[in-house]
Amino acid sequence: MNKLILSLVLAFATFASAEMLSYSAVSKKSQKDADQLALDGLAKQLRSKVESEFSVTKTEDSKGNIEETVFSKKKVSTNIVIKGAKLTAGPKQNGMFQSTATVDTEQMASKIRVDLSSINDKMKVLDKVIRADILDGNYRKMTMDMIDLEKLADEYELNLENLSCLEKIPEELKLETTLGKLMEFVVANMASLKMETDLTSEALMVTITDVAGPVEYFPIALTQDNKDLAHEKTNAEGVVVFPLAQ
C-alpha cells in the first residue's frame, strides 16, 4: 500500500513539474480533423485536473467507543481554453492523418496572467466611467456601461478558471471586483430619483426627476405578465408619453 501511495505521489510530482504537455491523435477524415482531435485531447488532459480534500475525524462517545469519519471532497475543472498550443502534422500512414498538439504550460499560464491583468485594468477604468455617468445623471449610459463591466467580470472568471488548471491561484489574482461597492453607489444615488405618473383618457405620462431636475433619456418600460407592452425614453423634460391607443 505504501509503495502504491509513493508511486502516485511521484507520478503527480512529475506531472506538476513538467512544463510541456502533448497529445497525439489520428483521423481518417482530414488533417484538419486530426488537428482538432489533438487539441481536444490536450484540453481534456488539462481539464481533468482534480482538486481533492481528504480528512479523517475521530469521535469518542461516553462509553469509550471510537468512531472514524472519512470526508472526501473533489472538484473537477470542466472548462479550459488552449492558448499557445503548437500543432505538428505527422506522416500520413495507411490513409490516416496524424497530428500532435503541444503546449508549454508555463508559457500558457503566463499568457493567461497577462489577459487577467488587461481585463482588470479595463474594469477599473469602467468603474470610474460608471460613477461619472451617475454623477452626470446619464442613467442610460450607466446601464450600458454596467452591462459591459459584468461581461468583463465574466471573462475574468473564465480566464481564472483556465489558469487554475495550470497552477494554484494566488490570492492577489482572485477577482476583487468593485461590482458590489459600485452597486451600492448606484443604488444610493438612484434613491434620489422620483417617478410621477399622470393617467388621462388618452395617455399615460411618466415623469422622472432627480435632485438636479428632469432626467433625459431615462428608459421606461411597461410590462404585464412578463410581457413588454411598450418602452420609451424620457425627453428633455424628463417625460415619456404612452398613448392608451397602443
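## K141 and its two partners

K141 is partly exposed, its relative accessible area being 34%, where partly exposed covers the range between buried (under 20% relative accessible area) and exposed (over 50%), computed with a 1.4 Å probe on protein chains only. The model is a predicted one, in which local features need pLDDT of at least 70 and side-chain atom pairs count only at pLDDT 80 or more, whereas totals for chains, interfaces and linings use all residues. Residues are numbered from 1 along each chain as its sequence is written, and side-chain values use heavy atoms, with hydrogens and water left out.

K141 forms a salt bridge with D145, with 2.8 Å between the closest N and O atoms; the term requires a side-chain nitrogen of Lys or Arg within 4 Å of a carboxyl oxygen of Asp or Glu. Because K141 and D145 are four residues apart in helix α4 (residues 139-164), about one helical turn separates them. D145 counts as buried, at 10% relative accessibility. The side chain of K141 also meets that of D133 in a salt bridge, at 3.3 Å from N to O, and D133 counts as buried, with a relative accessibility of 5%.

## The pair in helix α3

R131 and D127 form a salt bridge whose closest N and O atoms are 2.9 Å apart. Both residues lie in helix α3 (residues 105-136), at a spacing of four residues, which is about one turn of the helix. R131 counts as partly exposed at 25% relative accessibility, while D127, at 10%, counts as buried.

## Salt bridges in the chain

Side chains of opposite charge can pair when their charged atoms come close. Under the distance rule stated above, the count comes to five salt bridges.

## The chain as a whole

The secondary structure comprises five helices and 11 strands, both taken as DSSP runs numbered from the N terminus, with helices (H or I) having at least four residues and strands (E) at least two. Of the 246 residues in the chain, 26% count as buried.

Among contacts between residues at least 6 apart in sequence, 56% join residues at least 24 apart, a contact meaning heavy atoms within 4.5 Å. The chain exposes about 17000 Å², of which carbon and sulfur atoms supply 54%; accessible areas come from the Shrake-Rupley method with a 1.4 Å probe, and for residues only the protein chains shown count as cover.
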